[in-house]
Amino acid sequence: IILKSAHVISGLPESIIAAACARSGQRVLHVDSRNYYGGNWASFSFSGLLSWIKENQVKISQIASLDWRKLILEDEEAIPLSSKDRTIQHVEDFCFGDQDSAEGVEEAGALPKLPVFAAAAAQGVSPGPEESPAAEGISLGSEESPAAEGVSPGPEKEDPAVESPGEEAQSPEPEQAPGTDPAGAGTAPGSGAAPGTAPGESPLEPAKAEPAPSENAAQEPKKITYSQIIREGRRFNIDLVSKLLYSRGLLIDLLIKSNVSRYAEFKNATRVLAFREGKVEQVPCSRADVFNSRQLTMVEKRMLMKFLTFCLDYEQHPEEYQGSHESSTFAQFLQTRKLTPSLQHFILHSIAMVSEAESSTLQGLQATRKFLQCLGRYGNTPFLFPLYGQGEIPQCFCRLCAVFGGIYCLRHAVRCLVLDRASGRCKAIVDHFGQRISANYFIVEDSYLSESTCTNVCYKQISRAVLITDQSILNTDSEQQVSILTVPPLEPGRAAVCVIELCSSTMTCMKDTYLVHLTCPSTKTAREDLEPVVQKLFNLNTEKETENEELEKPRVLWAVYFNMRDSSGVEKSSYAGLPPNVYVCSGPDSALGNDCAVKQAETIFREMFPTEEFCPAPPNPEDIIYDEDEIEPEESGLNNSPETKPEASAEENSSGDGAAVAKEE
């Protein structure tokens, strides 16, 4: 097999690069030893997450089925790749309900696992044609004029049933989120002609967002048992990494530019919260919020609006922040602006969201301006969240790659990189079947590199926690809230903790529950870093042990803590012995947005193909001109679907088999 580029693992940067390469006409092979897409960017159902927890607690390394060293020639050299994932550590999960009651309870809608399935998948047999339709949510760009973005919302609505690469080796059900199609070696995400249903059949109904309760609804949270969580496990889509999308961030711009946004739906983050003096309160963000706020006095409102106006064009007033303030922290700079302590807290922790002890004045002003510039584009906060979880985003780019001819192979391990000693370049990879795959460029995720290659690399760590709770951390009339909260360090030397709370309308948890993600840079194990914050915000006691003062707090039903490697910021020169045509992508970082992944993907793509455009928009179906030879088979009556023709022709064009794509004059 001779390719332009080969990608090992399918994280977000690798998926973006694969889509960009396929879109520019390159031949792409994307392999991953896991049985799900996304790597550490993936999302899981509850049962899938339990399986992931067991795998990372046991840490069983893959056993090589053959001695690949015999396949290396005399004029070649091999760089072995790791067969064991070391990016996840200190995994601890806790159930605060009655686990015994869940014995024998099966996940609703789950099909029995057949022993033949794994063998069939390994041989490249597709498990089945069915896939879940995408959710009917908010299309990107629908909150503002389509002309402003150059994206028409029409095509996004016409094809709601899109195929996404899978998360787990299970058969999907109608209520399951898209992106859980079982995929084996040789399967491509979204590469089938049928978008989930056979021609002539009505599409499956997608899971509907839960309606907001009325104001007269009972405030008492419903009792949720562990057996209910197990039974409704397919309602959960739990991200390994917790992030939000800035409405004017690099990822949103890329999704719109490449038209990948049509494969996903998004929901606005509805509120920004602050934790101050032991209480959670809502932060006024927009001008309307500020003037309608009852938390602030009239004087504070004027102070806040004056400072935020200054932050929007701070570069026009260098005398305000340069000089003596250049060496000071942003927190110290705020103290000189005649702001009250409550305003300083809101700006530092909820708007700028920067470190109190480490962030400089300039960094704080840049973060504040970014927050303000993103306000109002799609809603009252700067943030969007993809329905069904962050794990949908890598799958969307994987589908674009597959549409333009990319090949995807899951459960397909790579043993080594093969170097040509004469040129010093990587010429091929050897997979677990002993097959040699040649390519011009190789993109590898950091976790696949062996310990000998990473000897000189100094890694950071991220502390993560995921909680399932029975009510929101700040109850309001509406239960359907997507909230972001930054908890300041509880003691010196600790980092601030970012808390993202998701409701059931995000399609990430079952009704009457909330999914809470906590993230911070690691100083100790994840449990040691995050449990003090969890204890401040939530009730960790069982129902019988709950004290009166804990009754007002949301009760934690289930929790997991783990540490994840943060390989962002590592220079390529830190890796020992890598040839120039092998590029390393990092895993998720601790930042709230996705700018690091997008910058890395674009940088690597431009190094490989400096003359090609990065992720251009695919041609519109109306702009495709068919050759007469290709129109005849369509007219024979085999397939007259107007929606199928453009996608099929786009695939054929990407593989170089004849369809001419041109703009109509």
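1. Let's start with the cysteines in this predicted model. Cys374 is buried, at a relative accessible area of 1%. Cys454 also counts as buried, with 11% relative accessibility. As for disulfides, the count is zero; a disulfide is a covalent bond between the sulfur atoms of two cysteines.

2. Now the overall picture. The chain has 17 helices and 21 strands, and buried residues account for 54% of its 665 residues. Of the contacts between residues at least 6 apart in sequence, 76% join residues at least 24 apart. The accessible surface is about 29,000 Å², with 49% of that belonging to carbon and sulfur atoms.

3. Phe46 and Tyr226 make an edge-to-face pair, 6.1 Å centre to centre with 75° between the planes. This pair links distant parts of the chain, since Phe46 belongs to helix α2 (residues 46–58) and Tyr226 to helix α6 (residues 226–231), 180 residues apart. Both Phe46 and Tyr226 are buried.

4. Phe307 and Phe310 have ring centres 6.1 Å apart and planes at 50°, so this pair is tilted. The two residues are three apart in helix α9 (residues 298–312), which means that about one helical turn separates them. Both Phe307 and Phe310 are buried.

5. Have a look, too, at the cluster of Tyr36, Phe44, Trp52 and Phe562, which are linked by ring pairs.

6. Lastly, charges over rings. Arg565 lies over the face of Tyr459, 4.1 Å from the ring centre, and Lys572 lies over the face of Tyr583, at 4.6 Å from the ring centre.

Methods: Residues are numbered from 1 along each chain as its sequence is written. This is a predicted model: local features need pLDDT of at least 70, side-chain atom pairs count only at pLDDT 80 or more; totals for chains, interfaces and linings use all residues. Side-chain values use heavy atoms; hydrogens and water are left out. Helices (H or I, at least four residues) and strands (E, at least two) are DSSP runs, numbered from the N terminus. Buried means under 20% relative accessible area, exposed over 50%, partly exposed in between (1.4 Å probe, protein chains only). Contact means heavy atoms within 4.5 Å. Accessible areas come from the Shrake-Rupley method with a 1.4 Å probe; for residues, only the protein chains shown count as cover. A disulfide is a pair of cysteine sulfur atoms within 2.5 Å. Rings of Phe, Tyr and Trp (its six-membered ring) pair if their centres lie within 6.5 Å; planes under 30 degrees apart count as stacked, over 60 as edge-to-face and the rest as tilted. A charge sits over a ring if NZ of Lys or CZ of Arg is within 6 Å of the ring centre and within 35 degrees of the ring normal.
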